[in-house]
Amino acid sequence: MNKVIIIGAGIIGMLTARLLSKAGVSVTIIEQGYVGQESSWAGGGILSPLYPWRYSDPVTHLAKWGQKYYPALLADIHFNSGVDPEYMQSGLLYLDIEDELSQALQWEKKLGYDFESLSGDELKSVEPGLGQFINEPDKKGWFTQSIGQVRNPRLVRALREDLLALGVTIEQQTQAISFIKEAGAVKGVLTDKGSFYGDHIVVAGGAWSAQLLEKWVKAPKIAPVKGQMIVFKARPGVVSRIVLSKGRYVIPRKDGRVVLGSTLEFEAFDKTTTDDVLNELKQEACRIIPDLKNYPVEKQWAGLRPGSIDGVPYIGEHPELKNLYLNAGHFRNGVVIGLASCQLLVNQLLGQKNIVDPSPYLLTEERLVNDSKEIDLRTAI
Ligand SMILES: Cc1cc2nc3c(=O)[nH]c(=O)nc-3n(C[C@H](O)[C@H](O)[C@H](O)COP(=O)(O)OP(=O)(O)OC[C@H]3O[C@@H](n4cnc5c(N)ncnc54)[C@H](O)[C@@H]3O)c2cc1C
């Protein structure tokens, strides 16, 4: 294989490009906007699904593989690019999970995570900033020390620098419109800036992937799911663990800023933020870490997750068009599961041994029929 064209410069397109380029393949990425400015910029960067026991094995297997290999990869990208993606093993503290504890304990036993039960006093020593337990000393929490995080805007910037140094070509403000075909195979991409030719085409267009595919081939359900976030300009030490409570989480960054997320809004391609959500997120942040009321909200933003059924991404060749590959639909977990999903796709492209069983992710006819456009993602996660 000589040349691959990748559509989309989010984390998925960039990690795929990096692996291919390191294997000696010439890679061009086509990006309709600017590198890493969509979901991959907007996310929280937690290197774990939020309530991991709620997910199916296919998501868990990718997450577990990514958790193992991320620290070394991030150190390498930092070294090569000079941009620190700010990997921190801050651990993940779960509150209010009593109702699903038996499921969580089974998950821990099966997968061997370090999932530790903490009493109210222990919780306070692990995270002194917690507010919830002041009047409830008997309440418990659970802690997974091994979970890390990255700072998304820095990760995408580091990846971009690394790719440029590797010789990957990135065409920004260039929108892929259709595929150039010959004898049942794809051999190029037609864009608003001209044609690009390659032996293989990889669609890594995040929430926009199905929109591009469905005009030309059958597309699975991949739809935008908006998430609004806020960041407090706090100081180091206000909170030092990722804390998850009732679907909301706080993420402490290295410089003291604290991110609070996130909503799940099943809308169209709309990234508007609202005051109602701002107020609700502020309130939730202060419920979890009361000291945050003393710090200003610096920014509010929204990103569009590539929503898919059960959050299981589509990784593989399209059955209708030879050499057309898809790597999309990572939903809420594209950072943590993205590394393994890109490795799996590259294994297929280069005919290498797969890192995990590829079958649950393949774009089979059956999956294309079952995961149809009519399915409401709210009922499918
Ligand atoms: C609020 C929020 C919080 C999140 N938190 C976490 C978390 O803590 N941990 C985690 O693991 N995941 C998290 N996620 C999910 C994660 O961010 C996504 O799953 C991941 O970023 C998806 O990456 P992607 O490359 O597929 O998509 P994107 O980053 O959206 O990239 C797709 C790119 O393709 C481009 N594109 C699309 N169509 C075309 C076209 N026709 N031509 C050219 N370019 C095109 C787009 O412009 C875009 O740049 C979060 C997401 C959000 C929104």
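**Ground rules.** I number residues from 1 along each chain as its sequence is written. As the model is predicted, I ask for pLDDT of at least 70 for local features and 80 or more for side-chain atom pairs, while totals for chains, interfaces and linings use all residues.

**Domains.** I looked up the domain assignment, and it gives domain 1 (3-81 + 152-219 + 309-379) and domain 2 (92-146 + 224-307). Such bounds come from an automatic or database assignment. The two centres, taken over C-alpha atoms, are 28 Å apart. Domain 1 puts 24 residues into the contact and domain 2 puts in 25; contact means C-beta atoms, placed from the backbone, within 7 Å. On the domain 1 side, helix 2 and helix 3 each give two or more residues. I take helices (H or I, at least four residues) and strands (E, at least two) as DSSP runs, numbered from the N terminus.

**Ligand shell.** Which residues come nearest to the ligand? Of the 42 around it, they are Gly8, Gly10, Gly206, Gly227 and Gly334. Being around it means a C-beta atom, placed from the backbone, within 6 Å. Elements giving two or more residues to this shell include helix 1 (11-22), strand 11 (223-232) and helix 9. Each domain supplies at least three residues to the shell.

**Helix 3.** I checked the length of helix 3 (residues 57-81): its 25 residues should span 36 Å at 1.5 Å a residue, and the end C-alpha atoms, 34 Å apart, agree. The expected span is 1.5 Å times one less than the number of residues. The helix bends by about 45 degrees at Tyr70, with Pro71 following within four residues. I read the bend as the angle between axes fitted to the seven residues ending there and the seven starting there. Tyr70 is also among the buried residues of helix 3, as are Leu74 and Ile77. Helix 6 (152-166) and helix 9 (334-350) are among the elements covering them.

Most residues other than glycine have a negative phi, and most peptide bonds are trans, so I went looking for exceptions. Asp96 has phi near 60 degrees and sits in the loop between strand 3 (92-95) and helix 4 (101-111). Phe331 has a positive phi of about 50 degrees, in the loop between strand 17 (324-328) and helix 9. Is each buried or exposed? Asp96 is partly exposed, with 14 other C-beta atoms within 10 Å, whereas Phe331 is buried, with 27. Buried means 20 or more other C-beta atoms within 10 Å, exposed 12 or fewer, and partly exposed in between, with C-beta atoms placed from the backbone. Lastly, a cis peptide bond joins Gly261 and Ser262, with omega about -15 degrees.

Technical notes. Two residues are in contact if their C-beta atoms, placed from the backbone, lie within 7 Å.
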